[in-house]
Amino acid sequence: MAFGKNIRTWFEGKWHEGDIAVMRAADHGIWQGSSVFDGARLFDGLVPDLEPHCARTNASADALMIEPTIETGKMVEIAREGLKAYAKGAAVYVRPMYWAINGSDLGVAPARGATGFALCLEEVAMPDPSKATTLTTTQFRRPVMADNVTNAKAGCLYPNNARMLVEAQRKGFGNALVQDAMGNVAETATANVWMVKDGEYFTPVANGTFLAGLTRKRVMGLLRDAGEVVNEAVLTLDDFRSADEVFLTGNFAKITPVSAFDDVGYQPGKGTQRAREAYMDWALGSPL
């Protein structure tokens, strides 16, 4: 079921209006979980980092042993074509997807050369940039590369994210601050996490347990270019409890302030605002 409205789907060489069926009952992607996706955004007539998101879709497919069939530039072209049908000012979630159609002679492994592809557009409003979320701990952790395909944006990883998020919301919080297998902070259930302490920025070092996001990478570069000190570091839950500010980065909302971690409160301040302003100023150079 869709979470947006005004859906358009590119499938089998053309655009279709609505949330059409694209997968069959015996497709490997539905019964063995061999599917990947990515997400980009249209907002205010801008499509920041659309090409890197499309490129990562192909990289994720490779990581899951699914043969990518749409060259990055063509995927960008398809997305731009579909987005131009939306009203001026519309906010749209851009979701390219691959899944394996056939199993190999091993059964559980997908067969190369038989790949499904669809690109789905859904009109979904951008979250209010002033609305903060809250964090709590979770019993669930991020896997390591030896356990799962943490180097891909794979559908099979998301049930674990869902467990984290549901647990956090049952406790009365908006999201979960998630640890890796070693007990260090990795990210949240839905986005990469940052903290500000004594005027410096800190974010968990990319250690292969979580997807180091494209928005995270972009914000990191923009802050460093602006002369800010940005540290990728091993961070603990106690580091976040002693932080001055905490915020999230991710494609869906871009920058999300955090107002509390369990019983520790934060006042979103200049560090969070600086990160958001740097990103939004840069995004102006990415028109549709």
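**Helices, cores and cysteines in a predicted model**

Me: Is Asn161 buried or exposed?
Reply: Asn161 is buried, with a relative accessible area of 10%. Buried means under 20% relative accessible area, exposed means over 50%, and partly exposed lies in between, with a 1.4 Å probe and protein chains only.

Me: What sort of model is this?
Reply: This is a predicted model, in which local features need pLDDT of at least 70 and side-chain atom pairs count only at pLDDT 80 or more, while totals for chains, interfaces and linings use all residues. Residues are numbered from 1 along each chain as its sequence is written, and side-chain values use heavy atoms, with hydrogens and water left out.

Me: Back to Asn161: which helix does Asn161 lie in?
Reply: Asn161 belongs to helix α4, residues 158-170. Helices (H or I, at least four residues) and strands (E, at least two) are DSSP runs, numbered from the N terminus.

Me: And what is Asn161 in contact with?
Reply: Setting aside neighbours within four places in sequence, Asn161 is in contact with Arg142 and Ala189. Contact means heavy atoms within 4.5 Å.

Me: Changing topic, which residues touch the most other members of the largest nonpolar core?
Reply: That core has 30 residues, and Leu50, Val94, Tyr98, Leu119 and Leu121 touch the most other members. At least two core residues come from each of β4 (40-42), α2 (50-63), α3 (72-83), β5 (92-100) and β6 (115-123). The most come from α3, which gives five residues. A nonpolar core is a set of buried Ala, Val, Leu, Ile, Met, Phe, Trp, Tyr and Cys residues joined through side-chain atoms within 4.5 Å.

Me: What does Leu50 touch?
Reply: Not counting residues up to four places away in sequence, Leu50 touches Ala40, Val76, Ala79, Arg80 and Val94.

Me: How many residues has α2, and how far does α2 reach?
Reply: Helix α2 has 14 residues and reaches 20 Å from its first C-alpha to its last, close to the 20 Å expected at 1.5 Å a residue. The expected span is 1.5 Å times one less than the number of residues.

Me: What do the buried residues of α2 pack against?
Reply: They pack against β3 (35-37), β4, α3, β5 and α5 (214-225). The buried residues of α2 include Leu50, His53, Cys54 and Arg56. After α2 comes Met65, whose phi is positive, near 65 degrees.

Me: How many disulfides does a search of the whole structure find?
Reply: The search finds zero. A disulfide is a pair of cysteine sulfur atoms within 2.5 Å.

Me: On to strands: which way do β7 and β14 run?
Reply: Strands β7 (residues 133-136) and β14 (residues 254-261) run parallel and are joined by three bridges. Thr134 stands opposite Ala260 in β14. Two strands pair if DSSP finds at least two bridges between them.

Me: What is the bridge partner of Thr136 in β8?
Reply: The partner is Ala176. Strand β8 (residues 175-179) pairs with β7 in the parallel sense over two bridges.
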